[in-house]
Amino acid sequence: MAQQHPPAAANANANAPSLLDLTIDNITPNTIRINSQSPDARLTYVMARLVTHLHDFARETRLSTDEWMAAIGFLIGCGKICTDVRNEFILLSDVLGLSLLVDSINHPKPEGSTEGSVLGPFHTHDAPILANGASMTSDPEGEPMLALCTVKDTQGNPVAGVHVDIWETDSSGHYDVQHADRDAPSERCVMVSDEEGRFWFRGIKPVSYPIPHDGPVGKLLQMLKRHCWRPAHVHFMFGKEGWDKLVTALYLRGDPYAESDAVFGVKQSLVVDLEKVDKATAEKYGVAEGSWLLRQDFVLTTQHETEKLRDKLATEALQKLGLNLKLVDHLPVPDLD
Ligand code: BEZ
Ligand code: FE
C-alpha cells in the first residue's frame with residue numbers, strides 16, 4: 001500500500017523552512033523552525049532551548065562520531081538495566097547534579113523553611129500508614145533509633161494531618177526493594193502529623209551505602225574517578241493539600257561521605273547530631289534507654305509562598321539571561337506581545 005505523506009512533507013505550512021543543504025552553521029535555526037509549529041508555546045520553547053544547547057555542545061566539543069555512538073550506547077545500556085525497581089535514568093540525573101538542580105528551581109525555600117534533597121530511586125507507594133510511635137524496622141541487626149519530629153509552618157504554627165513518607169536502608173545499606181526476596185515493605189512507612197504537628201517513629205540508625213553501581217552509571221563514575229557512596233541518611237517526603245511538597249533527607253554529622261555525596265544531596269541545614277535516649281524518654285516512648293534519638297523540627301511552606309518565590313526567582317533569572325520572555329502558568333515562554 002502506498003505511504004500516506006503528512007502535510008508537512010509537502011510543505012503545506014508556509015512557515016516551514018526548506019530543509020536543504022543544511023550546514024554546521026544553519027542546522028540549529030532550521031531545526032528550531034521546523035519544531036516551532038505546535039500551538040503549545042512551552043513545548044516549542046523547551047525544544048528550541050534543548051536543540052540550541054545540544055547543537056552548541058556538539059560544536060564546542062567537536063563531538064566525534066565514536067563519542068556520539070558511545071553516548072547512544074550508554075543510553076541504551078541505561079534503558080536495558082531498568083526494571084520496576086531499578087531506574088538508571090534517575091540515577092544518571094542524580095550523579096549529573098540535574099535532580100538537585102530541578103528540585104532547587106521548583107521548590108525554592110523561603111528563609112527558615114526546611115531545605116529539600118534528592119528523592120532518589122527508592123521511594124515506593126506501598127509503605128504502610130503507621131500510628132505514631134510504631135516501628136518501621138524489621139532489621140534485628142540495625143541499631144535502634146527513636147525519631148521525635150514536628151511539622152510547622154513558617155510562622156511556627158503546627159501543621160496537622162501531613163502525610164510523611166519515611167524510608168531508609170537496612171543495616172547492610174540496602175533498601176527493601178533491592179532484596180530479590182522482598183515480600184513486604186520494610187524500613188519504610190507513612191506517618192501522619194497529629195494536632196500539635198508531631199510525628200514519631202522507631203527505625204534504625206542510618207548507615208552510608210553505595211548507590212547501585214553495577215550498571216552504566218557506575219561505570220561512568222569509575223571513569224570519572226568518582227566514588228559511588230552516599231552518606232548515612234533517612235528520607236522524608238511531606239504532602240498535604242495546599243502545601244508545597246517537601247522531599248528531603250536528614251544526614252548524620254561526621255559521616256565520611258558528608259562532603260562528597262555521589263548525588264549532591266547534602267545541605268548543612270539537613271545535617272543532624274544524634275542523641276541518646278534518656279531514662280524519662282525511654283519510659284515515655286517505650287524504647288530502650290541509651291538507644292539513638294533523632295530530633296527534628298521540619299518547616300513547610302504553603303504552595304502560595306513557594307509559587308511567589310519561584311516566580312520572583314524565575315523573573316530575575318530570565319532578566320539576567322537577557323531573553324524576551326514572560327511567565328505563563330509560572331513557566332517561561334517567549335514574550336511575543
Ligand atoms: C537514595 O538516597 O536513595 C539515592 C539517591 C540517589 C541515587 C541513588 C540512591
Ligand atoms: Fe537513600
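A salt bridge is taken here as a side-chain nitrogen of Lys or Arg within 4 Å of a carboxyl oxygen of Asp or Glu. The model is predicted, so that local features need pLDDT of at least 70 and side-chain atom pairs count only at pLDDT 80 or more, while totals for chains, interfaces and linings use all residues. Residues are numbered from 1 along each chain as its sequence is written, chains are lettered from A and ligands numbered from 1 in the order in which they are written, and side-chain values use heavy atoms, with hydrogens and water left out.

**Exercise 1. Salt bridges**

Step 1: Asp273 and Arg253 meet through their side chains in a salt bridge of 2.9 Å, N to O. Asp273 counts as partly exposed at 48% relative accessibility, where buried means under 20% relative accessible area, exposed over 50%, and partly exposed in between (1.4 Å probe, protein chains only).

Step 2: a salt bridge also joins the side chains of Arg86 and Asp214 (2.9 Å, N to O). Arg86 is buried, with a relative accessible area of 15%, whereas Asp214 is exposed at 61%.

Step 3: within helix α7 (residues 279-285), Lys279 and Glu283 lie four residues apart, about one turn of the helix. Their closest N and O atoms are 3.6 Å apart in a salt bridge, and both residues are exposed.

**Exercise 2. The iron site**

Task: Which residues coordinate the iron ion (ligand 2), and why is the arrangement irregular?

Solution. Step 1: the coordinating atoms include Tyr175 (OH), Tyr209 (OH), His233 (NE2) and His235 (NE2), at 1.9 to 2.1 Å; donors are N, O and S atoms within 2.8 Å of the metal (3.2 Å for Na, K and Ca), and sites may look incomplete because water is not among the atoms.

Step 1: the six donor atoms around the iron ion (ligand 2) subtend angles of 55 to 169 degrees, which makes the arrangement irregular. Four donors count as tetrahedral if all angles lie between 85 and 135 degrees; four count as square planar and six as octahedral if opposite donors are over 155 degrees apart and all others between 65 and 115, and anything else is irregular.

Step 2: the donor residues follow the spacing Y-x33-Y-x23-H-x1-H in sequence. Tyr175, in the loop between β2 (163-167) and β3 (188-192), and His233, in strand β7 (residues 233-239), are 58 residues apart, and both are buried.

**Exercise 3. Positive phi**

Task: Where are Arg62 and Lys225 found, and are they buried or exposed?

Solution. Step 1: Arg62, which is not a glycine, has a positive phi of about 50 degrees, and is found in the loop between α2 (41-61) and α3. Arg62 is exposed, with a relative accessible area of 58%.

Step 1: Lys225, also not a glycine, has a positive phi of about 60 degrees and is found in the loop between α6 and β6 (229-230). Lys225 counts as exposed at 76% relative accessibility.

Definitions and conventions
Helices (H or I, at least four residues) and strands (E, at least two) are DSSP runs, numbered from the N terminus.
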